[in-house]
Amino acid sequence: MTAAFAAALLVPASAVAAPADPGQAGPGVADAAGSGTLPIRGLDLDASTIPELQARMDAGELTAVQLTGAYLARIAAVNDDLGAVLSVNPDALRDAADSDRTRQRNQARGPLEGIPVLLKDNVDTEQLPTTAGSRAMLDSRPDDAEITRRLRDAGAIVLGKANLSEWANLRGSASSSGWSGVGGQTANPYVLDRNPCGSSSGSAVGVAASLAQVAIGTETDGSIVCPAGANGVIGVKPTLGLVSRTGIVPISAEQDTAGPMARHAVDAALVLEVLAGSDDADAATAEIPADLPTDFADLDLDALEGARIGVWTLTPEQSAAVDDRTEEVFAAAVKQLEAAGATTVPVQLAYQEEIGAGELPALLAEFKRDLNAYLAATPGDHPADLAGIIEFNEQDPVELAYFGQELLEQAQAATVPAEDPAIQETRDRIRTLARASIDEVLAQGAGPEDDLAAIVGLTNTPAWQTRYEYLDGEADAFVYSTSGPAAVAGYPNVTVPAGFAGPRDSLPVGVSFFGTRWDDARVLDIAADFEDQAAAREAPGYLPTVGADPQPDNPEPAT
């Protein structure tokens with residue numbers, strides 16, 4: 001594919017205009033910085049759930065074309081300030097019209113019929129290049145990923161691609177989350193000079209700012225739950241193997257998974273129902289238990305009643321790093337769990353230093369193996385392997401403008417696991433420790449009746465100001481995360497908005513619920529019950545700034 005053809009396919013979000021005919025494509029947003037109220041239909045995009053939208057469309061009060069047009073109008077109105085949507089699908093309105101005709105024939109294909117969804121730009125689509133944020137991949141020409149096909153088969157409208165931390169934050173040791181060579185910097189919609197966290201930054205911001213009803217993110221460690229927490233939305237990292245990875249740009253098959261991001265737990269659950277299932281091309285999905293319940297959207301909003309929840313408490317050292325207001329938000333969340341009928345038990349998870357020490361060396365070797373395999377299988381004019389990506393960046397005027405590619409170079413120098421038994425031993429050891437760190441806590445009671453249903457921890461601290469190492473010597477200022485054990489174990493993790501902290505209480509803080517392998521349905525139930533109890537989410541305010549605050553030194557960015 002020629003560069004000119006790729007450029008034509010990659011329709012920038014800034015080129016999207018609000019649909020001209022409200023009767024055909026839906027009315028525009030009332031306020032560029034608002035939640036997306038549709039004055040003709042009286043529909044608040046921020047507040048509406050998928051079941052509510054489906055009821056309106058079934059009743060003839062709303063069409064998929066109108067809904068898709070409304071989201072395109074939102075993108076046209078606010079995306080220049082947010083940088084969340086990297087490109088839009090030029091066929092989105094046509095696909096929406098097809099959905100309307102399908103509904104008129106009483107042949108709706110699934111729970112997402114007519115629902116606009118954004119895909120993180122490491123998920124393959126045949127209509128748009130998949131770049132992983134890298135300019136080296138602008139001429140990729142993939143087929144649909146397995147999860148893209150599942151979304152389309154369920155009637156979803158692929159609205160476009162969301163920006164991300166380039167190569168899912170595994171590029172430079174001083175990277176800025178939410179920045180890519182293709183899409184530039186994504187901004188946090190609550191305070192625009194604050195970082196969205198990464199790497200599924202555009203997916204989280206796109207949902208938070210009502211640029212789509214739902215979005216797909218991916219996580220290796222923290223890249224769904226951190227941006228979801230920082231941008232005040234629900235983020236679901238499923239059990240590894242529940243959702244196919246075929247056609248998704250990888251970091252590591254040992255930890256990668258895609259998952260839904262949404263403003264409402266029921267929406268995330270409906271998307272997970274569509275995504276979940278076996279795929280002959282992804283061996284991990286063959287391990288899904290035959291009797292696993294997959295009716296995730298049949299949520300139990302009394303799941304906390306009588307449940308025992310482990311509360312992963314901060315150590316004194318962590319408490320010294322986390323600001324007091326964020327600790328107050330977490331403490332209030334624990335009180336809300338108790339008010340919903342749960343018994344809370346303070347816990348600590350073991351083996352965290354050993355897990356952390358082994359994770360990055362394993363990921364670097366696995367990244368080289370898995371990325372090279374993806375590039376070899378993906379059509380288009382792009383580098384053939386990781387070495388070619390590194391060489392491209394060295395010659396490109398944009399890619400290395402703000403930070404380097406040290407992690408890519410370390411991955412290229414690594415020996416892949418098939419050729420180095422020590423790497424496989426490291427992977428096996430840290431996975432075993434991560435699973436034990438969760439399972440031992442869940443089963444700490446004297447008998448099964450005393451087991452914990454889930455563990456809750458703080459997802460994120462308030463978003464930091466976006467900075468570039470090249471400009472001032474400071475990269476992402478992460479403070480604290482609980483994503484590691486579930487990520488390395490391959491266990492489910494769901495984050496839910498819990499409140500606000502930071503200057504003027506302007507920045508979202510989330511809490512994460514995680515459990516054992518294949519316990520996705522119960523973890524989702526608990527998360528949804530907490531969402532209902534806390535009702536903590538508020539629409540973004542799009543403040544330009546709330547001033548600077550000091551940021552401590554911090555660990556690796558979320559991948």
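Start with the charged pairs: the count comes to 24 salt bridges, taking a salt bridge as a side-chain nitrogen of Lys or Arg within 4 Å of a carboxyl oxygen of Asp or Glu. Bear in mind that this is a predicted model, where local features need pLDDT of at least 70, side-chain atom pairs count only at pLDDT 80 or more, and totals for chains, interfaces and linings use all residues. Residues are numbered from 1 along each chain as its sequence is written, and side-chain values use heavy atoms, with hydrogens and water left out.

Here are some of those bridges.

| Salt bridge | N to O distance |
|---|---|
| aspartate 58 and arginine 103 | 2.6 Å |
| glutamate 328 and arginine 325 | 3.2 Å |
| arginine 522 and aspartate 519 | 3.1 Å |

Helices here are DSSP runs (H or I, at least four residues), as are strands (E, at least two), and both are numbered from the N terminus. Aspartate 58 is exposed at 57% relative accessible area, while arginine 103 is buried at 11%. For those words, buried means under 20% relative accessible area, exposed over 50%, and partly exposed in between (1.4 Å probe, protein chains only).

What separates glutamate 328 and arginine 325 in helix 11? About one helical turn, because they are three residues apart in that helix (residues 324-339). Glutamate 328 is partly exposed, at 47%, and arginine 325 is partly exposed too, at 32%.

Now for the cysteines. How many disulfides are there? The count is one, with a disulfide taken as a pair of cysteine sulfur atoms within 2.5 Å. Cysteine 197 and cysteine 226 make the link, with their sulfur atoms 1.9 Å apart. The link is right-handed, at 105° about the S-S bond. This pair also connects distant parts of the chain, 29 residues apart: cysteine 197 lies in the loop between strand 8 (184-185) and helix 7 (201-208), and cysteine 226 in helix 8 (residues 225-230). Cysteine 197 is buried, with a relative accessible area of 0%, and cysteine 226 counts as buried at 11%.
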